[in-house]
Amino acid sequence: MALWSSFLGGRVQHFSTLVATPPSSHSRPCQNPSPSVVTVEAKARTRQDNRIARHQRIRKKVEGTPDRPRLSVFRSNKHLYVQVIDDTKMHTLASTSTMQKPLCEEFDYSASPTLDVAKRVGELIAKYCLEKGISKVAFDRGGYPYHGRVKAIAEAAREHGLEF
């Protein structure tokens with residue numbers, strides 16, 4: 001105890017003084033003088049909460065303009081969605097997803113879209129953008145890691161004429 005008292009500057013605080021005690025009522029004395037136990041719990045954050053926080057940080061930096069709209073990627077368990085958005089007007093200029101008929105009929109996947117499907121989505125969004133005269137976009141990965149399907153979409157769109 002003497003070692004710690006010198007470390008604390010001569011002040012020794014006992015644990016019982018640091019723990020909160022239950023409030024006593026004025027009508028009767030406290031029947032349980034022992035201190036109560038305080039539990040501290042951390043907030044549980046899900047993977048989706050973390051992704052949304054990452055996406056919000058990205059959106060502070062990436063903004064779609066009429067000259068350079070934002071190419072936004074959303075990845076669900078069953079489908080991929082890609083949109084080209086002009087954020088100044090809040091207007092979607094072009095979009096494609098794995099739910100559209102050309103992709104649904106072309107690929108027969110049972111669980112989730114594969115890299116081949118993601119490459120095809122990238123090709124289609126590049127084609128739709130070039131038809132509308134859009135050649136430069138700002139890539140918004142939507143809080144997802146730049147890996148796998150998101151990377152395949154971006155590389156396929158680059159190969160077919162979009163500039164990031």
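Strand β1 and strand β4 (residues 138-140) run parallel, joined by 3 bridges. This is a predicted model, where local features need pLDDT of at least 70, side-chain atom pairs count only at pLDDT 80 or more, and totals for chains, interfaces and linings use all residues. Numbering starts from 1 along each chain as its sequence is written, and side-chain values use heavy atoms, leaving out hydrogens and water.

**Strands**
- Strands (E, at least two residues) and helices (H or I, at least four) are DSSP runs, numbered from the N terminus; two strands pair if DSSP finds at least two bridges between them.
- Across from alanine 138 in β4 you'll find arginine 70.
- β1 (residues 70-75) also pairs with β2 (residues 80-86), this time antiparallel, over 6 bridges.
- Those two make a hairpin with 4 residues between them, and valine 73 has valine 82 of β2 as its bridge partner.

**Helix packing**
- α5 (residues 115-131) packs on α6 (residues 149-159) at about 40 degrees, axes 7 Å apart; axes are lines fitted to C-alpha atoms over the stretch in contact, with angles running from 0 to 180 degrees between N-to-C directions.
- Residues in contact (heavy atoms within 4.5 Å) include Ile125 of α5 and Ala157 of α6.

**Core**
- A nonpolar core is a set of buried Ala, Val, Leu, Ile, Met, Phe, Trp, Tyr and Cys residues joined through side-chain atoms within 4.5 Å; buried means under 20% relative accessible area (1.4 Å probe, protein chains only).
- The largest one has 23 residues, with Leu71, Val84 and Ile125 touching the most other members.
- α5 is its top contributor, with 6 residues.
- Isoleucine 125 touches Leu71, Val82 and Val84, among others, not counting residues up to four places away in sequence.

Key
Buried < 20%, exposed > 50% of the residue type's maximum accessible area, 1.4 Å probe, protein only.
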